[in-house]
Amino acid sequence: MARVSNSKKRMLHTNSSSNSQNKKEDAATAAGSADGRPVRVYADGIFDLFHFGHARALEQAKLLFPNTYLLVGCCNDDLTRRYKGKTVMNQEERYESLRHCKWVDEVIPDAPWVLTPEFIEKHQIDYVAHDALPYADTSGAANDVYEFVKKIGKFKETKRTDGVSTSDLIMRIVKDYNQYVMRNLARGYSRKDMGVSYVKEKQLQVNMKINKLRETVKAQQEKVISHARSQLKSCLPAIYRPVPSTWQNRCFFRPDDY
C-alpha cells in the first residue's frame, strides 16, 4: 500500500478544504437565490458609445444565475481621461445609456478604477463579471484591476463580442471623416459646430457639388441606356422574323446549323 507523506496529506487536506469552501459558497449563493435573495453581480466599464457588444456582456452577467441583481459601475470623466483617454459621450450620457439597458438593475456612478474590499462590502457584491483579459490598474506596473476579486474567487468571466467596440466605431468615423462632415453640413450644421476651417468647408462644399453632378450624370446615363434597350427590344421581332417551315426544307443549311 502506497504511503502518503505528511506534506502531501496537508496539501490534499488544504485542496479539499478549499474545494469544499467553494462548494459551500456556490451552494449558499444558490440557496440565497432560491429563498428570494437575488445574487448581487457587479459589472463595470466606461460604456462610451453604448453598443450591442456592451449590452451582450451585461446580458451574460445578468443571466449568470436564475435570480440576479445586476449592478453596473461606470467611471466618471476625470478618471476615464486620466487612465484611458477622451470619451465621445460625457459621464451623464453614459450613465443614462446604462439606465435604459433592460439587463441593468442599478447604475453606480463614479465607479472606482480598481475594486477594493471596502467597495465589495459596501455594495454587498457576490460576484464581479467581466471578460478575462487583464486590464491595467493605476499603479503603472501592468497589474490586473480584477486581480483581487479573482484571488478571492468572486470573478465570473463574460465573453466579448467580436467585430464591435467603441474604438472600432470611432475608427469608422475617422476613416470616412470627410463624408460625415459633408453629411452634417448638408443637414445644417455650421463649420464652427464641427471645428472645420473656412478653407476646409469651401473645399468640402465644392466636393459635394461635384458628387451631386456625378450622380445626376450617372442617373441620366442609366436612363438613356434603359430607353435604348427597350427600343432595341421592340425592334428585334421585326428584324428577326421566323423562317417559314416550307423555306427550311428548300435550304441547303438548316437553321440549327447556324
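Gln124 is placed in the loop between helix H5 (117-122) and E4. The model to which this residue belongs is a predicted one. Phi of Gln124 is near 50°, a positive value in a residue other than glycine.

Phe47 is found in the loop between E1 and H2. Its relative accessible area is 7%, so Phe47 counts as buried. We shall return to Phe47 below.

The wider setting can now be described. The protein has eleven helices and five strands. It has 258 residues, and buried residues make up 29% of them. Among contacts between residues at least 6 apart in sequence, 68% join residues at least 24 apart.

E4 pairs with strand E1 (residues 39-45) in the parallel sense, over two bridges. Within this pairing, Tyr127 of E4 is the bridge partner of Val41. E4 is also joined to strand E5 (residues 155-157) by three bridges, and these two strands run parallel as well. Here His130 has Glu157 of E5 as its bridge partner.

Lys156 lies over the face of Tyr127, at 5.0 Å from the ring centre. The charged end of Lys150 sits over the ring of Phe155, 4.9 Å from the centre of that ring.

Which residues touch the most other members of the largest nonpolar core? They are Val41, Phe47, Leu58, Leu70, Val72, Leu98 and Val104, in a core of 18 residues. E1, helix H2 (52-62), strand E2 (68-74), helix H4 (91-99) and E4 each supply at least two residues of this core. A second, separate core has 17 residues, including Leu79, Ile108, Ile125 and Tyr146.

Leaving out residues up to four places away in sequence, Val41 touches Ala61, Leu64, Phe65, Thr68, Tyr69, Leu70, Leu71, Tyr127 and Ala129.

The structure holds five aromatic pairs. One of them is formed by Phe47 and Phe50, with 6.3 Å from centre to centre and 40° between the planes, and it is classed as tilted. The two partners can be compared with the surface in mind: Phe47 is buried at 7%, whereas Phe50, at 25% relative accessibility, counts as partly exposed. Phe50 is not called buried because that label requires a value under 20%.

The cysteines come next. A disulfide is a covalent bond between the sulfur atoms of two cysteines. How many disulfides does the structure contain? The count comes to zero. Cys75 is in no disulfide, and the nearest cysteine sulfur, that of Cys74, is 6.5 Å away. Cys75 is buried, at 5% relative accessibility. Cys101 is likewise buried, with a relative accessible area of 8%.

A last stop is Asp77, which has its place in helix H3 (residues 77-83). Is Asp77 buried or exposed? Its relative accessibility is 11%, so Asp77 counts as buried. Leaving aside its neighbours within four places in sequence, Asp77 is in contact with Thr87, Met89, Asn90, Gln91 and Arg94.

Definitions and conventions: Residues are numbered from 1 along each chain as its sequence is written. This is a predicted model: local features need pLDDT of at least 70, side-chain atom pairs count only at pLDDT 80 or more; totals for chains, interfaces and linings use all residues. Side-chain values use heavy atoms; hydrogens and water are left out. Helices (H or I, at least four residues) and strands (E, at least two) are DSSP runs, numbered from the N terminus. Buried means under 20% relative accessible area, exposed over 50%, partly exposed in between (1.4 Å probe, protein chains only). Contact means heavy atoms within 4.5 Å. Two strands pair if DSSP finds at least two bridges between them. Rings of Phe, Tyr and Trp (its six-membered ring) pair if their centres lie within 6.5 Å; planes under 30 degrees apart count as stacked, over 60 as edge-to-face and the rest as tilted. A charge sits over a ring if NZ of Lys or CZ of Arg is within 6 Å of the ring centre and within 35 degrees of the ring normal. A nonpolar core is a set of buried Ala, Val, Leu, Ile, Met, Phe, Trp, Tyr and Cys residues joined through side-chain atoms within 4.5 Å. A disulfide is a pair of cysteine sulfur atoms within 2.5 Å.
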